[in-house]
Amino acid sequence: MPFRLRTAVGGATLATAAVLLCPAAAAARPAAAPAPPAWSAGPAPGAGAAPGAPDRPFFYLEGAPGTVLADRLSLSNPTGRALTVRLRGSGAGAGGWISLASKEVRIPPHTRAGVPFTVTVPRDAAPGGRSGTLLATGVGTGAGAGRRTVPLHLRVTGPVLSALTVEKVSVRRAGGAAVIRYTLVNRGTTVLRPRIAVRADGLLGPLLRRAARTRPPVLAPGRAVDLTETWSAPPALDAVEVRLTATDAGGAHDDATASYTAAPWGVLAAPPLLLAAGVGGLVMLRSRRRGSGPGGSRAEGAAPGPDGGTRPCGDEPADAAPVLAGTGPGARA
């Protein structure tokens with residue numbers, strides 16, 4: 001094959017391969033990240049608590065439970081047209097405590113807008129750190145689209161106290177099982193994750209040993225929660241003491257007990273039945289004694305009368321003639 005022909009064939013082959021491979025190479029490349037919004041959002045210069053540098057990277061606030069903290073969000077629009085931005089607080093911690101002066105802001109061209117907001121610290125908030133986010137979302141397309149997030153860090157001040165109590169312990173039979181009811185109360189200033197251990201002892205020894213387990217997952221300061229434990233095989237006849245022990249990793253602990261008497265129904269019903277039988281017998285005996293009075297039988301000490309009947313002794317007839325000794329013939333003095 002002439003040299004020029006071989007060169008042309010080789011060039012055509014390479015060109016065909018490049019055409020076939022280019023779409024695959026383009027598909028293999030990752031999609032380009034969306035361009036950042038043309039506008040910006042951040043802490044307003046010189047506002048809020050420390051850090052107080054002009055260009056704060058995030059919000060930092062601190063306060064005691066029950067206080068209201070204020071700051072400002074700065075929105076800048078360097079473009080040549082007006083933009084609309086929607087705002088909200090985000091996050092399970094301090095994000096839910098944020099209140100914005102406006103949830104939607106229109107920013108004129110080449111303008112910076114300041115949006116006041118407050119963070120209300122709940123009265124029962126435990127001391128420690130919280131986090132949240134101020135979320136700004138552009139409305140529309142092009143330069144006005146996009147999203148900005150500004151972190152917010154909050155420190156709740158106050159003494160750290162870990163305290164826990166177990167209250168209102170009771171045990172009740174429920175069919176073939178027993179239900180243990182109790183109340184856990186967080187009396188400190190920190191969030192607790194209590195662990196509950198259950199034990200029961202009868203007259204002859206241990207009956208139940210249940211290892212500690214977390215209940216409930218989280219118990220906030222000042223909160224109380226009612227809980228139950230099911231005892232599937234309690235004794236049928238015994239005097240039992242049930243003890244609940246609550247502990248927390250922070251050092252809080254408490255325990256409480258309740259007494260429980262297990263007895264079959266017949267055993268519980270026997271004393272009342274015996275008492276009723278005794279009372280009934282006493283009533284019958286008294287009735288019989290009343291029936292044996294003067295109207296029921298002859299009185300004791302009765303003497304036979306003249307006609308063979310009876311009469312009471314000493315009861316002489318009123319018209320009976322007196323008998324005098326010594327008046328008849330042959331009578332002796």
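**View 1. Leu 135 is a buried residue of a predicted model.** At a relative accessibility of 8%, Leu 135 counts as buried, a term that denotes under 20% relative accessible area, with over 50% called exposed and values in between partly exposed (1.4 Å probe, protein chains only). The model is predicted: local features need pLDDT of at least 70, side-chain atom pairs count only at pLDDT 80 or more, and totals for chains, interfaces and linings use all residues. Residues are numbered from 1 along each chain as its sequence is written, and side-chain values use heavy atoms, with hydrogens and water left out. Leu 135 belongs to strand β8 (residues 128-139); helices (H or I, at least four residues) and strands (E, at least two) are DSSP runs numbered from the N terminus. Setting aside neighbours within four places in sequence, Leu 135 is in contact with Arg 86, Leu 87, Arg 88, Arg 147, Arg 148 and Thr 149, where contact means heavy atoms within 4.5 Å. A distance of 9.7 Å separates the C-alpha atoms of Leu 135 and Gly 95, which are 40 residues apart along the chain.

**View 2. The largest nonpolar core has 27 residues.** A nonpolar core is a set of buried Ala, Val, Leu, Ile, Met, Phe, Trp, Tyr and Cys residues joined through side-chain atoms within 4.5 Å. Leu 75, Leu 87, Leu 152 and Leu 154 have the most contacts inside the largest core. At least two residues of this core come from each of β2, β3 (68-77), β4 (83-90), β5 (98-100), β6 (104-107), β7, β8 and β9 (147-156). Another core, of 25 residues, lies apart from it and includes Tyr 182, Val 198, Ala 200 and Ala 262. Beyond its neighbours within four places in sequence, Leu 152 is in contact with residues including Phe 59, Leu 61, Ile 98, Phe 117 and Val 119.

**View 3. Phe 59 and Phe 117 form an aromatic pair.** Rings of Phe, Tyr and Trp (its six-membered ring) pair if their centres lie within 6.5 Å; planes under 30 degrees apart count as stacked, over 60 as edge-to-face and the rest as tilted. By this rule the count comes to one pair. The ring centres of Phe 59 and Phe 117 are 5.0 Å apart and their planes stand at 85 degrees, so the pair is edge-to-face. Distant parts of the chain are linked here, as Phe 59 lies in strand β2 (residues 59-63) and Phe 117 in strand β7 (residues 111-120), 58 residues apart. Phe 59 is buried at 0% relative accessibility, and Phe 117 is buried with a relative accessible area of 2%.

**View 4. Three strands form an open sheet in the order β10-β11-β14.** The pairing is antiparallel; two strands pair if DSSP finds at least two bridges between them. The edge strands, each pairing on one side only, are β10 (164-174) and β14 (224-231). Strand β11 (residues 177-186) is joined to β14 by eight bridges, and Arg 181 has Thr 228 as its bridge partner in β14.

**View 5. Thr 165 lies in strand β10.** With a relative accessibility of 19%, Thr 165 counts as buried. Its side chain makes polar contacts with the side chains of Glu 167 (3.0 Å) and Arg 187 (3.3 Å). A polar contact is a pair of N or O atoms within 3.5 Å; within protein, one must be able to donate a hydrogen and the other to accept it, and residues adjacent in sequence count only if both atoms are side-chain atoms.
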